[in-house]
Amino acid sequence: MEVTVSQMKEIEKNADAHGLSYTQMMENAGQAAAQLLLKEGPLHMETAVVLCGSGNNGGDGFVLARALHGQRVWVELVLVESMPKTPDAILNWERAKKLGIPVTELENLTPSQKEEILTADAVVDAVYGTGFHGELRPSGLKAAELFNKAQGFKLALDLPSGLAADTGKAAQGAMRADMTVAFHAAKACHRLAAEYCGRVKAASIGIEALFEQRRK
């Protein structure tokens with residue numbers, strides 16, 4: 001199954017109206033992505049860096065970081081643009097901070113911290129989601145350069161940052177992942193820009209289970 005950005009928004013809106021909150025969908029997304037990374041990513045993964053944007057894709061990254069932390073993976077958060085701005089992203093940012101997960105702003109990275117990104121067992125792209133279009137901003141380009149140069153396993157949440165979800169158009173410097181976790185269903189970019197996405201794995205965020213339960 002493949003959905004457009006507008007269709008996905010309607011699916012999520014309908015799920016929220018029937019009792020599956022946006023907050024819970026974000027929790028489900030981040031937890032599912034973490035489990036896939038642990039299963040499909042590096043064997044004996046010990047270190048991970050999560051590059052987070054200020055919107056809900058970044059919120060998914062905060063959840064994933066918490067899940068990895070709970071599995072004794074040393075994980076660090078890098079804020080690519082600014083502090084989180086959406087309510088659910090802010091909530092999960094606060095939850096991650098309470099666990100003591102280290103965080104650095106992209107513009108303040110030291111040479112040793114950049115080296116940590118380049119040599120981590122896994123690097124996660126949680127910068128831009130399905131709302132992205134146009135060109136990467138300077139901070140996004142810097143994050144993409146680090147991501148693409150990283151030696152470890154590269155995971156993108158929902159889609160690699162720099163891709164337009166419905167058309168697959170890639171901005172200059174777009175991130176190139178080894179694996180992409182497609183939340184709920186694939187988007188057109190996973191097919192049209194497959195070379196940026198790597199292996200694509202669909203992950204449930206609870207929507208199917210909600211409506212299956214309602215049918216019973």
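What is the volume of the second largest pocket? It comes to about 150 Å³, counting the space filled by probe spheres set on grid points that are joined across faces, edges and corners. A pocket here is an open set of points on a 1 Å grid over the protein atoms alone, where a 1.4 Å probe fits, with protein on both sides within 12 Å along at least five of seven lines; lining residues have an atom within 4 Å of a point.

Before going on, note that this is a predicted model, where local features need pLDDT of at least 70 and side-chain atom pairs pLDDT 80 or more, while totals for chains, interfaces and linings use all residues. Residues are numbered from 1 along each chain as its sequence is written, and side-chain values use heavy atoms, with hydrogens and water left out.

Back to that pocket: its lining includes Leu106, Lys114 and Glu145. Helix α6 gives the most, four residues (helices are DSSP runs of H or I, at least four residues, numbered from the N terminus).

Now look at the largest pocket, with a volume of about 730 Å³. Of its 28 lining residues, Glu12, Asn56, Asn57, Gly129 and Thr130 are the closest to the centre. Helices α1 (5-17), α2 (22-40) and α3 (56-70) each give two or more residues to this lining.

Follow α3 next. Its 15 residues reach 21 Å from first C-alpha to last. Among the buried ones are Asn57, Phe62 and Leu68. Just past the helix, Arg72 takes a positive phi of about 65 degrees.

Notes:
Expected span 1.5 Å × (residues − 1). Buried < 20%, exposed > 50% of the residue type's maximum accessible area, 1.4 Å probe, protein only.
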